[in-house]
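Here is a short briefing on a protein assembly. Look at the chains first, then at the details of the backbone.

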Amino acid sequence: MSIETITLLTVFLPIIGSLTIPAAGLLSKPLRSLWSVLLAAATAILPLTLIPFALTGGELVIRKDLFLGLDFILVVDPLSVFMAIVSSAVGCMIVIYSIGYIHHDENQNEYYLMVLLFIGSMMGLVFSANLVFMYLFWEIIAICCWRLIGFYRLRDFVRKADKAFLVTFFGAVVMLLGFIQIYGQTHSFDLTQMRGTLIPGSAVLLILFGLFSKSATVPLHTWLPDAGVAPTTVTALLHAAVLVKIGVYAYARLFLATFQIPPLWQQIIPIMAVVSSLVAAGAAAVENDFKRLLAYSTISQIGYIFLGFAVANEAGISGSLRFILMHGLAKAGLFLCAGIVIHATHTKDIREMGGLIKTMPLTAVSFLFCAFSVIGIPPFGGFFSKFLVIMGTVKAGQVWLAAVALFTAVLTMYYLLKAFSLVFLGEAKKPAPEKTVSMVTVVTVLAVASILAGIFVAYPMKLVNIATTQISWWYR
Amino acid sequence: MVFLFVAVPLVVAGVLPLLGKLSKRVLPDILSNLTFLFLLVYAATAGRQIIAGGPVSQQILWFGEPVQILLGLDGLALFMLMAIALVSLCAGIFSIDYMEHYGAKANYYALFLIMVAGMNGLVLAKDLFQVYLFLEVAAVASYALVAYGLGYEELEAAFKYLLLSVVASAFVLIGVTVLFGLTGSLGFEAVGRGLQELPAGPMAALCAALFVAGFGLKAALIPFHAWLPDAHPSAPAPISAMLSGLLIKVSGIYALTRIFFSVFGLTSLLSNLLMGLGVISAVVAALLALGQKDIKRMLAYSSISQVGYIVLGIGLGTPLGILGGLFHLFNHALAKGLLFLTSGSVQMATGTRNLDEMGGLAKRMPWTAATNLVGSLSIAGVPPLGGFWSKLVIIMALVQAGRWPYAVIAVLASVLTLWYYLLIQRKAFFGKIEERWKDIREAPFWMTAATVILALLCIGVGIFFAAVLKSWVQPAADVLAQGVTAVIPRGR
Amino acid sequence: MSPNLLLAPILLPAALAVFFFLVPKRVRLVREILSVAGSLVLLYLAFALFEVKTLGLKIAWLGMGIDFDLRLFHFSSFILLGLAGFLFLISLYSTVKMKDNPRVREYYAYVFLSAALANGAVLSNNFVPLVFFWEGLLLTLYGLITIGGKEANRTAVKAFIISGFCDFAMILGIGLLWSITGTLTLSEISVKPEGLAAASFILMMIGAIGKAGAMPFHTWIPDAAIDAPVTFMAFMPAAFEKLLGIYLLARITLDLFQLEARTTMSIVLMSIGALTIVLAVLMALIQKDLKKLLSFHAVSQVGYMILGIGTGIPIGIAGGIFHMINHAMYKCGLFLSAGSVEHRAGTTELKKLGGLAREMPLTAAGFTVCALAISGVWPLNGFVSKEMVFRGALETGYKVFAVAAWVGAIFTFASFLKAGHSVFFGARSQDVPKVKESPSPLVIPILILALLCITFGVYNKLPLNEFIQPILAGHVEAGAHLDFTAHALSLLNPVAGISILCLIIALGLHLHGWNRAGKKAFLASEPIHNLPVLHNLYNLSEARFFDLYEQGVKFLIGLSTVLSRAVDRPIDYFFEKVVTAVGVKLTSLFQKAHNGQYANYLAWCLAGLLAIVGIVSLVVK
Amino acid sequence: MTSTWVPYLIVAAGLLFAGIYCLLAMRNLIKLFIGVEIISKAVSLIIVATGFAKKNILVAQSLAVTFIVVEVSLVATALAIIINIYRHTKSLDIRKLSRLKG
Amino acid sequence: MSVQILLLIGLVLFSVAAVLLKDLIKAAICLAAASLVLGILFFRMGAPYAGAFEISVVAGLITVLFMLTIALTKTGGDVAESKLARVAFPLFFILFLAVDVIVTKNLVQKIVALPAAPEAGAFGEVLWKQRTLDLVGQVCIIFAGVLAVLALFRKRSKDNDD
């Protein structure tokens, strides 16, 4: 298959396939599940075949001209391939995992439909090189999230789903305004043709609304902790691992790989990222709801990713790219551990838990491993990403920001270890066994993946480095 | 033959009450829906051929005598005819099951057809007075249709609607007459030419003001909107769909646009006036919709808000703005029609329109819920549905013209829009099903079919937006855009 | 020799660690044999590498000048040797001491993993692998402490966070250094600690002394002494972390930055050293638990090393480094003795112990030698290294630091007199039943260490000439003499005189206290404990008032609460309440206007018309 | 032409005012509709007067005739609605027609 | 001209009376009278057909419809009108007329209208040949009116009163 076919398949196979799921569901449930897994697996495998192409550092543009410059353009380059691999792989895991997790609940057809549509749109977003189509996939993802957050249909849950949808929609339309401003300036939505364009600060601000709302960055972040009412699979893998990465990906795609932004904003954005990181870490430290704590932690870590991209040097960018991968693995693991614990103890309050390490050792260890990765302790994968981000920040001359970021890391250490101690150590208040083998297996796999990603860090590095070089075109 | 667009529904409407004696239900159903289908097919095939070589005005023979039935078909008119035919076909299909319990189906369809005939006539008219006349035809039919349920609220709504509409019609007619007095003619081109020759500033401006008010009332622009949230919810659901989806656009926006672009020429004053009204409508009505408990009333306010968008786009007057406005008109017609139809399904199943009493209906009414979701998201401007593209084009046009404040407000209003549509979703469909609705049933086949068709159209327009824009909307927008350049702007 | 051999000190213990982790608990023999044998192999390897002296290995890693770069040279091979030696002793000791621990699998895994990481850190010639290994030690630190028991968790978190903080500081320092020099290879860096580089120096120094356990980053060590297994104490804070921390500190001051005597940075270092010596030893003095007492000494002695290295004068630096290796030996020996006592007597509380020397003669002998060594009694190794530090401090001209060091010496000896007296000598305590000498795997390491203490003291030429001098060789201007051994054991000079005077004062203090307390040795420090102002300070300190960690955590919680209440919640409130309320308010306002009255609606229309006419007539004249 | 047009326009405006005043201030449904009728009078007066002043009376006359037909339809519909309302409420008060609001 | 003015004044007076009269029947009769006057005006302005229509249809048919409605809604149909509105009306009316006169004169005198297109033929010809579509519209609206009345007075299959 040609690169072009593979890319188109990667995007449209899950999207169109997702629409067939309800039909499959009418036939038989196992068939539907199997079909979903097949689709997800295909979506995960397809971008892997693009790696050789990506490693050459090449760029391929697929274009279908439509109307008014609203053309359908896909671009295959190391950055998009990297992001596609990370998100489709995680997406594939969610689908496999869901089969066991979700099979007691109602509305499974919708669940699988939305998850696959999500994955497909993510692929679309990743490969899109047209601002409007980026926005289009962006919003489809928002719809999927909305349905998935409100999956349990309880009134309050749906309200929170609405909140998430509205806040992200608000951010996104404001971002769209920014896109249109750029259009007004360049008469084009085509990213491949705008490389190197200096965009005005107001456009940057408008676009940041979208990025920050989607990536749950202060001050547009509060929907993310609230979105914890979704099924754990959704919070874990969609929110922690894929969804919130959209904003940072878009940041890399727009502000690094394509546009030049005014120097003032190059100063401001790192500050915003660090503030977000710090505030969220603070909120996490006082939070007692397990899932909310982890959600705040996600927000905090996203701040690092933004920071790395925002300082815009080689170390920062490659650190952030790696952060996307490492945080995806580790945070997904944390959420799934939380899911197991909550499932077993029927409470979300970490003060009511305790001593679970005795009854669920694997979960506890996996949690600890993932927590170490998030904190950034070697040899876990998270270390390299955080380290490089900090290095990049210092190298960019932002020593104080790096200091605050490191302070945030101390805070991260504090609250994650606190959570671990409260939940798994101490007196057993609500002893509960690890029941489900499949769930424990997945968290173990994620924990092991976190540590392997650290020890064998050189392997993803190759693609990341090529992507970094490709992004930082202004170095050339 | 262009005249068929008026004549066919008129003739069928005349025949129906007579045939209604033969067959109370089946025959009116079949006959009227065939008529709508004919109109659709005819517009899509013959209509396109007719205007292939440019806009035409057809004179026809009347019993062998050459008489003046002057109808003009151009891109814009064809575009409107398509929209009318599409929505009325779906509303007609929906009526098959829905109107069962209202009784007197033949009568109902006849009024429906008259309304369609009136709208078609209005779209095709090339004469100011005939615009007024067909506007009244559609209006009279709509009064009766709003009151069709004969309940207290239906009658109240119809009466207020009538009394406000009459005033509006009077304004319009006075304007028409004054223009007639100034230029000595009634045809669009003639009056347009006449106005160019005349230094008749104040009087023409007064006419323009009267038209804004009169057609503004028909289009339900704020502050002329107050009848709409009463009238549209009170009508039977397919009629609500027709009124919100079409009537306000044809007798309000279309007429206004046609007259302003082809007769007056869009001056900067008119442009600003329209945009101001549009933006106020978009925001205030969205806020009003937010507080509604009655699902149809919320939809009605939403119509006002969306009309505001359309007027904002068209009023901007740039080719892109017109394109966006017209496209939004089309998308809104589809989506709002769809939403009113689904609200009818819900009302029929649950017997209530109060959102607070509903809950989790998606469980029992999956098709209705899904199609309603499609409509909601389309109007809210969530991609990849049609509404997104039209709003996008409008905002693009606003930004391109440097109208930043309008663009920002338009964007924020779309957030408000999504807000209240999410309220509908949450309160009616997306949630745990209430105990009392455990036994309700999904809407009957034809109703579901109509909603599904419209939902598919919403999605289809979103996905094939480029084709729709290029082949249908662009020719329509071109007509108006040429109008803008042809007439020298006056005033300041 | 193949450069790949450099990977062996890292991979071998790492592989063993994985193996130990996987081997079931029941397979005791295999584990113990393998651990001792493995550490012996490692020791052999370290010797072999020590002979090789220089070796380099560079593997491309992350790009951007971040390579997996290992470099063997004299200093690192020396530390490698030390690490391997301690690992061997601890493994041997652990075979008995840890055999019944329920988490023995993890224990061995952590110990060997620590060895792997420490070896890696020592060998790294690039900051990124250095930090990788260095910070990795946090894991084993955390794991080893939690093995201790129920309350250990809190301490583990504390240790983790404190060390983590120091490591992050170091990372920041490395970042600064990178942006200054543009390289991450240690051997290519040499800058003056001025301006930004000074900040970098201080940050990296924090990382180094934090690992070594200097004040104020020491507070987890006394806690760990109570909670964690004693082998851990002997292994990590006493030996490994000192070696690593001081190794890095020496690298920083010698290689990476050109620290010169009598500069600000030098004074900063010396001040930290001096303060650590005095404050920690004062705390040590009043402790009533042997392990805790030892742990405060572990802190206090770091002060000497920092002071020595901070002088920036060859003899001081050499003294610091020599003190490091000496300290590792005797402190390890002391902890192991404490462990031996604990093994038999079941407690390390001074009050409950007494007169054990007769029943545990070998342990007592080992303890005594090590205690004398740490107190700096002639002719043990402690005397030699301390003399060198005193000399270095005096040579800087800032005599106050030397004075502080001497004060430290007084209390060190006083506290060890107290400790030794109350555990091994004096009246036989009634709280402890009759005990036997510990088994040989416990005793042998102690005796080896005691023997080494004597050897390094009496025959100080071996370490000073073989180990220490080459480290400094490249860093001193030509012509400067580097013979530290000449006067090493000389008593006939003022410095040695003052030292001996200090010991005599200490003896006096002890006897005074012992008499005052009614011949109860464990209360011998009470006179000092009860000094007016000091008493209050002691109380505050016992209440962890001076514990930066406790205060820091309070600060963290406070800050978090502020951030959450003042930033996060208001933002959420804005979205949840303000936006909604504004929406509802506006909506209800508009809704009220729609009162259903026809005339009202008509009036709006007319008003609208009039407004439009007005606007039009204003514009069109 | 203007001089012939003016008095009719003035009177028509007066009638329009009277009709709208009636719509605004009166409460009886039938009275309101009388107001509508007065407005219609005004409009048809303007139409014919314009034709008269413009010497275009034939077209104006045809317009007026059409308008009268429209008027009849409207009146019929409106009165039918009024009678229906009366059946519901037994009252002709417009103020009672305010169930729909908000 | 003076007759014309008189007729106009009569038109206004009857209309005002129709607004002000309390009794609905009298008001309706006044309305009919106004239509009559208007019809005469039309006739005098050269629009005899329109005049005839006005008199027969508006003054006749519509008045009948009014009467019928009034008769059907007789009981309880009395609505207390606001006295203030009735009293204030003449005041407002005169005020408006004054403004009206000034504004209209100013407005109209400023403008120059285009010369009329010469008209030819008879009324019937104009209506039938030039404005045929109006006739179609008339048919439509008559249909609409008839159907509306039929719909509103139909037998309700289900009593959805509330």
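Between which chains are the most contacts among the 7 pairs of chains that touch? The answer is chains D and E. Keep in mind that this is a predicted model.

**How the chains meet**

- Chain A and chain D do not touch, and their nearest C-alpha atoms are 24 Å apart.
- Chain C and chain E do not touch either, with their nearest C-alpha atoms 11 Å apart.
- Chains D and B do make a contact, built from 27 residues of chain D and 28 residues of chain B.
- On the chain D side, helix H1 (2–25), helix H2 (29–54) and helix H3 (57–89) each supply at least two residues.
- H3(D) gives the largest share of that side, with 11 residues.
- By residue type, the side of chain D that touches chain B has 18 nonpolar, 7 polar and 2 charged residues.

**Chain B as a whole**

- Chain B has 18 helices and 4 strands.
- Along the principal axes, its C-alpha atoms fill a box of roughly 70 × 55 × 40 Å.
- Is the fold of chain B compact or extended? A compact globule of 492 residues would have a radius of gyration near 23 Å, and the 21 Å of chain B agrees with that.
- Buried residues make up 74% of the 492 residues in chain B.
- Take the contacts in chain B between residues at least 6 apart in sequence: 80% of them join residues at least 24 apart.

**Cis peptide bonds**

- Most peptide bonds are trans.
- The bond from B:Ile222 to B:Pro223 is cis, with omega near 10°.
- B:Pro223 sits in the loop between helix H8 (201–219) and helix H9 (228–234) of chain B.
- The bond from C:Met215 to C:Pro216 is also cis, with omega near 0°.
- C:Pro216 lies in the loop between helix H7 (196–212) and helix H8 (220–227) of chain C.

**Positive phi angles**

- Most residues other than glycine have a negative phi.
- B:Leu150 is not a glycine, yet its phi is positive, near 60°.
- Its place is the loop between helix H5 (128–146) and helix H6 (152–183) of chain B.
- Is B:Leu150 buried or exposed? B:Leu150 has 23 other C-beta atoms within 10 Å, so it is buried; the cut-off is 20 or more.
- D:Lys90 is not a glycine either, and has a positive phi of about 55°.
- D:Lys90 is found in the segment after H3 of chain D.
- D:Lys90 counts as exposed because it has 11 C-beta neighbours inside 10 Å, and the cut-off for exposed is 12 or fewer.

Note on methods: Residues numbered from 1 in each chain as written. Chains lettered and ligands numbered in written order. Predicted model: local features only at pLDDT ≥ 70, side-chain atom pairs only at ≥ 80, totals over all residues. Contact = placed C-beta atoms within 7 Å. Nonpolar A, V, L, I, M, F, W, Y, C, P; charged D, E, K, R; others polar. Rg over C-alpha atoms; globule rule 2.2 N^0.38 Å.
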